[in-house]
Amino acid sequence: MRILLAAAALTLVGAPCLAETIAVEQAGKKFSETEITIRKGDTVRFVNKDQITHNVYSQSPGNAFDVKTQKPGEASDVKFDAVGDVDVQCAIHPSMKLRIHVTN
Ligand SMILES: [Cu+2]
């Protein structure tokens with residue numbers, strides 16, 4: 001019964017409000033995407049698929065973060081709670097760039 005009610009509620013509001021986790025990989029000194037759009041409350045999982053260390057971070061207001069040193073094979077989750085554009089870079093390789101649009 002509870003499941004049926006939840007399904008009905010989702011149908012009524014249209015898109016589900018459940019937060020998602022979106023994976024972005026680092027390989028060949030690049031992010032797998034240059035631009036992604038997510039929703040407020042979603043999590044981005046940064047996965048280092050390279051053979052070298054990366055340090056993904058952002059200084060964008062409201063969504064600043066620093067995953068610190070990420071060795072090959074490591075993954076880090078970052079949750080984005082503020083609507084706006086987030087410019088993501090690697091502190092070791094400044095040419096690595098990703099823009100995340102956080103929407104409502
Ligand atoms: Cu890097």
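R45 is partly exposed in this predicted model, with a relative accessibility of 36%. Its salt-bridge partner is D77, and the closest N and O atoms of the two are 2.7 Å apart. R45 sits in strand β4 and D77 in strand β7 (residues 75–79), so this pair ties together parts that are 32 residues apart in sequence. D77 is itself partly exposed, at a relative accessible area of 45%.

Let us turn to E25 and K49. These residues also form a salt bridge, with 3.1 Å between the closest N and O atoms. E25 belongs to strand β1 (residues 21–27), while K49 lies in the loop between β4 (43–48) and β5 (56–58), so the contact links parts that are 24 residues apart in sequence. E25 is partly exposed at 31% relative accessibility, and K49 is partly exposed too, with a relative accessible area of 49%.

A further pair is K79 with D81, where the closest N and O atoms are 2.9 Å apart. D81 has a relative accessibility of 45%, so D81 counts as partly exposed.

Here are these pairs side by side:

| Salt bridge | Closest N and O atoms |
|---|---|
| E25 and K49 | 3.1 Å |
| D77 and R45 | 2.7 Å |
| K79 and D81 | 2.9 Å |

How many salt bridges does the model hold in total? The count comes to 4, and the pairs in the table are among them, including D77 with R45.

Note on methods. Residues numbered from 1 in each chain as written. Predicted model: local features only at pLDDT ≥ 70, side-chain atom pairs only at ≥ 80, totals over all residues. Heavy atoms only, no water. Salt bridge = Lys/Arg side-chain N within 4 Å of Asp/Glu carboxyl O. Helix = DSSP H or I, 4+ residues; strand = E, 2+ residues; numbered from the N terminus. Buried < 20%, exposed > 50% of the residue type's maximum accessible area, 1.4 Å probe, protein only.
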